[in-house]
Amino acid sequence: MAIQINAYGLTGLPLGIYTSHLTQTYSLIQATGAEALHITDKAAEFGASLDSLNSIVRRATAYVSTQKLSNADKDRDNALGVLMQIINAHRTSVIANKKAAALALDAIVAPYKGIRDHEKGAETREVAGLISVLNTEEATAYLTTLNLTEELEALVLKNAQFEVLMSGKLVEEVERTPQ
């Protein structure tokens, strides 16, 4: 006497568990034989669907470059923060020429305050803008007075490193995109 297979709800299961159940079912179909179960035409379709489902579960979701990019962004944020904080600290200096330089630089960098919190791509462009503003003759003289030329060089380096890593991530995204 044949045993009736009753349907039961598989909705709401996580994809991995659902796929595992279907894989076990397909293994039983193969062990019993599709002919014996009178489902020869459906067994091949079931196997193809299972392969498709397995490709979804096993798809990579993280990028190798993500952690490197995050670390580079943090380094760039730190370089930017040191530069801005030293300018801010010297605004209250008792040394007249340092105070004057800091006040002048504060006015120059004012549009760039808070860019560390912007989206990574936007921050990259804004840091490049800040660097170009700080590379003027007037700003360079103020940076020299405050001993910040090394900090600016570090910011230039960190922003360039970030741009290289961002390009690498974009390449990785393109390589992973299904054609």
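Student: At what angle do helix 5 and helix 7 pack, and how far apart are their axes?
Tutor: In this predicted model, helix 5 and helix 7 pack at an angle of about 150°, and their axes lie 10 Å apart. Axes are lines fitted to C-alpha atoms, for helices over the stretch in contact, and angles run from 0 to 180 degrees between N-to-C directions. Helix 5 is therefore roughly antiparallel to helix 7. Angles under 35 degrees count as roughly parallel, over 145 as roughly antiparallel, 65 to 115 as roughly perpendicular and the rest as oblique.

Student: Which residues make the contact?
Tutor: Helix 5 contributes residues including Lys120, Thr124, Val127 and Leu134, and helix 7 contributes residues including Leu152, Asn159, Phe162 and Met166. Contact means heavy atoms within 4.5 Å.

Student: Is that crossing left-handed or right-handed?
Tutor: Helix 5 passes helix 7 in a left-handed crossing. A crossing is left-handed if the near helix is turned anticlockwise from the far one by less than a right angle, and right-handed if clockwise.

Student: What should I know about the numbering and the model itself?
Tutor: Residues are numbered from 1 along each chain as its sequence is written. The model is predicted, so to speak, with conditions: local features need pLDDT of at least 70, side-chain atom pairs count only at pLDDT 80 or more, totals for chains, interfaces and linings use all residues, and side-chain values use heavy atoms, with hydrogens and water left out.

Student: How many helices and strands are there?
Tutor: The protein chain has seven helices and zero strands. Helices (H or I, at least four residues) and strands (E, at least two) are DSSP runs, numbered from the N terminus.

Student: Back to helix 5. Is glutamate 123 buried or exposed?
Tutor: Glutamate 123, which is found in helix 5 (residues 120-134), is buried, with a relative accessible area of 0%. Buried means under 20% relative accessible area, exposed over 50%, and partly exposed in between (1.4 Å probe, protein chains only).

Student: What is glutamate 123 in contact with?
Tutor: Leaving aside neighbours within four places in sequence, glutamate 123 is in contact with Asp73, Arg76, Asp77, Leu80, Ile115, Arg116 and His118.

Student: Where does the charged end of arginine 76 sit?
Tutor: The charged end of arginine 76 sits over the ring of phenylalanine 162, 3.9 Å from the ring's centre. A charge sits over a ring if NZ of Lys or CZ of Arg is within 6 Å of the ring centre and within 35 degrees of the ring normal.

Student: And how do helix 3 and helix 4 pack?
Tutor: Helix 3 and helix 4 (residues 96-109) pack at an angle of about 130°, with their axes 8 Å apart. That makes helix 3 oblique to helix 4. Met84, Ile87 and His90 of helix 3 make the contact with Lys98, Lys99, Ala102, Leu105, Asp106 and Val109 of helix 4. The crossing of these two helices is left-handed.

Student: What about histidine 90: buried or exposed?
Tutor: Histidine 90 counts as buried, at 18% relative accessibility. Apart from residues up to four places away in sequence, histidine 90 touches Lys98, Lys99, Ala102 and Leu146.

Student: Helix 4 and helix 6 next, please. What is their angle?
Tutor: Helix 4 and helix 6 pack at about 135°, with axes 9 Å apart, and they are therefore oblique to each other. Their crossing is left-handed. Residues that meet there include Ala101, Ala104 and Ile108 in helix 4 and Ala139 and Tyr142 in helix 6.

Student: How far apart are the C-alpha atoms of alanine 104 and tyrosine 142?
Tutor: Those C-alpha atoms are separated by 7.5 Å, and the residues are 38 apart along the chain. Alanine 104 counts as buried, at 19% relative accessibility.

Student: Now the loops. What is the phi of histidine 38?
Tutor: Histidine 38 has a positive phi of about 60° although it is not a glycine. This residue lies in the loop between helix 1 (15-32) and helix 2 (40-57), and histidine 38 counts as exposed at 71% relative accessibility.

Student: And where does asparagine 147 lie?
Tutor: Asparagine 147 lies in the loop between helix 6 (137-145) and helix 7 (149-176). Asparagine 147 has a positive phi of about 60° and is not a glycine; with a relative accessible area of 64%, asparagine 147 is exposed.
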